[in-house]
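Open the model in your viewer and keep the selection tool at hand. The stops below say what to select and what is there.

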Amino acid sequence: MNFKRNFAVLGSAAAMMLALSACGGGAGSAGGDSQTLRLALNQTETHPSYIALDNLGTNVEESTGGRVSVEVYANETLGAQQEAIQLVSDGTIDMAVVSGTQLENLNPDFQVFNLPGVFDSVEHQMGVIGDDAVVGELYTSLEDQNLTVLGGFTQGTRSIYNTAGPVNTPEDLAGKKVRVQESDVQMTMIELMGGAPTPMAFGEVYTALQSGVIDGAENNEISYLTQKHNEVAKYFSNTNHLVGLDYVVINTAAFEAMTEEDRAAFEEQWAAAVEEHTTLWLDETEKAHADLEASGTEFNDVDAEAFDAALEPLIEEFIDTEVEQTIYDAARAAAE
Ligand code: GCU
């Protein structure tokens with residue numbers, strides 16, 4: 001399967017765009033001198049990303065004297081990530097949180113940060129993705145599509161969960177349909193881990209698990225809990241195969257429409273939001289784990305060496321340009 005995107009011919013969000021224009025939408029172009037940035041998020045209001053971005057909205061409004069504000073639309077109400085990124089690109093909405101998997105479909109260099117084994121921990125990851133010397137041109141590489149990457153929020157460590165029983169080795173995933181994000185890296189990753197990858201949007205996973213369309217999925221404990229996947233897939237196996245990464249993207253024209261002073265204030269608040277998100281993430285992960293244990297999730301440790309060995313070919317398969325190799329080497333050097 002090839003997930004590479006071409007917005008010009010896609011048109012899959014037409015219905016959403018119509019719905020938005022019917023209620024007066026438009027990129028960061030609210031009345032008078034003020035600019036309300038509408039942000040699409042696929043998480044609930046209890047998720048750290050919602051909390052940090054909602055606070056970002058309050059702080060930006062305050063520090064720009066009300067000239068710029070951010071409104072966060074949770075729960076995929078502005079569309080799943082595949083649609084949301086297109087809506088930001090064409091200016092129907094202004095901002096979105098999208099997984100790195102979505103950006104790899106626009107520029108393959110983003111694949112590097114979507115690979116297992118690149119980041120050892122949340123702390124390592126946040127250091128790397130905030131270092132201009134490592135990310136180079138990555139965050140500005142989509143400006144020809146009117147997308148500016150502000151930076152990243154961690155997705156924490158991701159593991160496999162399923163409806164049938166504990167997974168210990170790749171053999172235990174044989175014949176199991178495991179939901180993945182719409183991404184070549186994720187498809188190959190699950191194949192190597194022994195399962196049958198099934199791409200679908202995040203918001204469809206609960207029903208798909210419940211109805212048996214899929215047998216399992218992979219995510220962090222916070223999303224597993226806030227999406228209530230624990231209700232329908234109670235076996236959570238600590239494969240810890242990936243430290244995942246989300247990005248916050250903004251429509252480039254909307255970003256540039258701010259005065260220099262407002263943009264500086266916005267960027268300062270954005271940096272504070274990243275800090276807040278990381279702190280919240282670490283606390284909420286511990287809490288989620290305890291809540292899940294108390295409410296019947298069965299956790300188990302896996303044969304980590306077997307999964308590491310299975311995943312080994314992934315790096316070689318996806319790091320195949322000089323730019324990717326340079327980013328990868330710099331990310332790994334920062335781990336040592
Ligand atoms: C995480 C991540 C989301 C992503 C989701 C998924 O929850 O934060 O951005 O959409 O995983 O698996 O689709």
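**A tour of the pockets and the ligand**

The lining of the largest pocket divides by class into ten nonpolar, seven polar and five charged residues. Keep in mind during the tour that this is a predicted model.

**Stop 1: the largest pocket**

Select Asp-132, Tyr-139, Leu-150, Gly-151 and Trp-270. Of the 22 residues that line the largest pocket, these five lie nearest its centre: Asp-132, Tyr-139, Leu-150, Gly-151 and Trp-270. Which element gives the most to the lining? Colour α12 to see it: α12 gives six residues. The volume of the largest pocket is about 510 Å³.

**Stop 2: the second largest pocket**

Move on to the second largest pocket, which holds about 270 Å³ of space. It is lined by 14 residues, and Pro-116, Gly-117, His-241, Asp-308 and Leu-311 are the closest to its centre. Next, show β8 (235-251), α13 (304-311) and α14 (313-318), the elements that give two or more residues to the lining of the second largest pocket. Sorted by class, this lining has seven nonpolar, five polar and two charged residues.

**Stop 3: the ligand and its shell**

Now select the ligand. What kind of space does the ligand take? The space taken by the ligand is the largest cavity.

Show the residues around the ligand: Asn-42, Gln-43, Gln-81, Ser-99, Gln-155, Arg-158, Arg-179, Gln-181, Phe-202, Asn-219, Ser-223 and Asp-246. By class, this shell has one nonpolar, eight polar and three charged residues.

**Stop 4**

- Gln-43: an N or O atom of its side chain is 3.0 Å from an oxygen atom of the ligand.
- Gln-81: the distance from a side-chain N or O atom to an oxygen atom of the ligand is 2.8 Å.
- Arg-158: here too a side-chain N or O atom lies 2.8 Å from an oxygen atom of the ligand.

How much of the accessible area of the ligand does the protein cover? On its own the ligand has 310 Å² of accessible area, and the protein covers 98% of that.

Methods
Residues numbered from 1 in each chain as written. Predicted model: local features only at pLDDT ≥ 70, side-chain atom pairs only at ≥ 80, totals over all residues. Heavy atoms only, no water. Near = heavy atom within 4 Å. Polar contact = N/O pair within 3.5 Å; in protein donor to acceptor, adjacent residues only side chain to side chain. Areas by Shrake-Rupley, 256 points an atom, 1.4 Å probe, with all protein chains shown as cover. 1 Å grid on protein atoms, 1.4 Å probe; cavity = no way out; pocket = protein on both sides within 12 Å on 5 of 7 lines; lining within 4 Å. Sits in = over half its atoms within 2 Å of the grid points. Nonpolar A, V, L, I, M, F, W, Y, C, P; charged D, E, K, R; others polar. Points joined across faces, edges and corners; volume = space filled by probe spheres on them. Helix = DSSP H or I, 4+ residues; strand = E, 2+ residues; numbered from the N terminus.
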